[in-house]
Amino acid sequence: MVGRYGLRLFNEAFAERDTKFGTLGPQVTFSATSWLTLTLAYLYERGLADGRGDVQVRDDVSYRQHFLSVGSTFVLGEGFSLDLGYAYRRKDFTSDLAGGSNRGVVDTTHVGSAELRYRISSAASVTVGLQRAQRGSNAASRDFFNTNTSVSLQYRF
């Protein structure tokens with residue numbers, strides 16, 4: 001089970017967007033073979049913004065979110081592994097403010113990722129990654145496509 005509670009805080013000009021959120025859901029990891037691990041997760045998140053109900057600002061970013069992800073890790077041998085993942089997110093904004101900027105907005109996001117990791121030692125690894133995201137929305141100005149590449153070095157003490 002995965003759970004978290006958090007705050008998103010904005011600078012003073014956007015203080016109405018300050019949001020308290022909670023997330024809860026199951027995550028299952030299965031070692032299919034000595035070289036393959038599979039992970040499946042579902043998370044539900046509820047966010048409540050400070051600006052909900054504020055008819056002057058009309059910028060309520062409160063939401064309900066469903067998040068589903070699947071992933072696999074392939075052990076390739078000689079310290080190499082490959083992580084492949086897909087995540088789907090549906091975010092329903094819950095504002096009912098007349099004229100509100102988020103009233104009735106629904107965003108859906110698809111993210112695919114691949115990371116090739118080389119374990120240098122039991123404490124250190126280097127990773128090269130690629131991530132592609134595509135968001136669609138019933139508010140056309142929110143649609144986007146994004147590709148990220150990364151290189152990272154991790155050291156655990």
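Modeller: What follows begins with the open space in the model and goes on to the core and the strands.

This is a predicted model, in which local features need pLDDT of at least 70 and side-chain atom pairs count only at pLDDT 80 or more, while totals for chains, interfaces and linings use all residues. Residues are numbered from 1 along each chain as its sequence is written, and side-chain values use heavy atoms, with hydrogens and water left out.

A word on method comes first. Rolling a probe the size of a water molecule over the atoms shows where empty space is left. On a 1 Å grid over the protein atoms alone, a pocket is an open set of points where a 1.4 Å probe fits, with protein on both sides within 12 Å along at least five of seven lines, and a lining residue has an atom within 4 Å of a point. The volume is the space filled by probe spheres set on the points, which are joined across faces, edges and corners.

The largest pocket holds about 300 Å³ of space. It is lined by 15 residues, and those closest to its centre are Arg 8, Val 61, Tyr 63, Lys 91 and Phe 93. Sorted by class, this lining has eight charged residues (Asp, Glu, Lys and Arg), four nonpolar ones (Ala, Val, Leu, Ile, Met, Phe, Trp, Tyr, Cys and Pro), and three polar ones, a class that takes in the others, Gly among them. Strands, which are DSSP runs of E with at least two residues, are numbered from the N terminus. Strand 5 (63–77) and strand 6 (80–93) each give at least two residues to the lining of the largest pocket, and strand 6 gives the most, with three.

Three of the residues closest to the pocket centre, Val 61, Tyr 63 and Phe 93, return in the largest nonpolar core, which has seven residues and also includes Phe 21, Ala 49, Val 105 and Ala 139. A nonpolar core is a set of buried Ala, Val, Leu, Ile, Met, Phe, Trp, Tyr and Cys residues joined through side-chain atoms within 4.5 Å, where buried means under 20% relative accessible area, exposed over 50% and partly exposed in between, with a 1.4 Å probe and protein chains only. In soluble globular proteins, nonpolar side chains tend to be buried together.

Leaving out residues up to four places away in sequence, Phe 21 is in contact (heavy atoms within 4.5 Å) with Arg 4, Tyr 5, Gly 6, Leu 7, Arg 8, Glu 45, Arg 46, Gly 47 and Tyr 63. Two names in that list, Arg 8 and Tyr 63, are also among the residues closest to the centre of the largest pocket. Phe 21 belongs to the covered face of strand 2, together with Thr 19, Thr 23 and Gly 25, while the uncovered face has Lys 20, Gly 22 and Leu 24.

Strand 1 (residues 2–8) runs antiparallel to strand 2 and is joined to it by seven bridges, with Tyr 5 having Gly 22 as its bridge partner. Strand 2 (residues 19–25) also pairs with strand 4 (residues 36–49), in the antiparallel sense over six bridges. In that pairing Lys 20 has Leu 48 as its partner, and Thr 19 stands opposite Ala 49, a residue of the largest nonpolar core.

Strand 3 (residues 27–33) pairs with strand 4 antiparallel over six bridges, a hairpin links the two through two residues, and Thr 33 stands opposite Leu 36. Strand 4 and strand 5 run antiparallel and are joined by 12 bridges, with Leu 43 opposite Phe 67. The loop between strand 4 and strand 5 contains Arg 58, which counts as partly exposed because its relative accessibility is 41%.

Note on methods
Helices (H or I, at least four residues) and strands (E, at least two) are DSSP runs, numbered from the N terminus. Two strands pair if DSSP finds at least two bridges between them.
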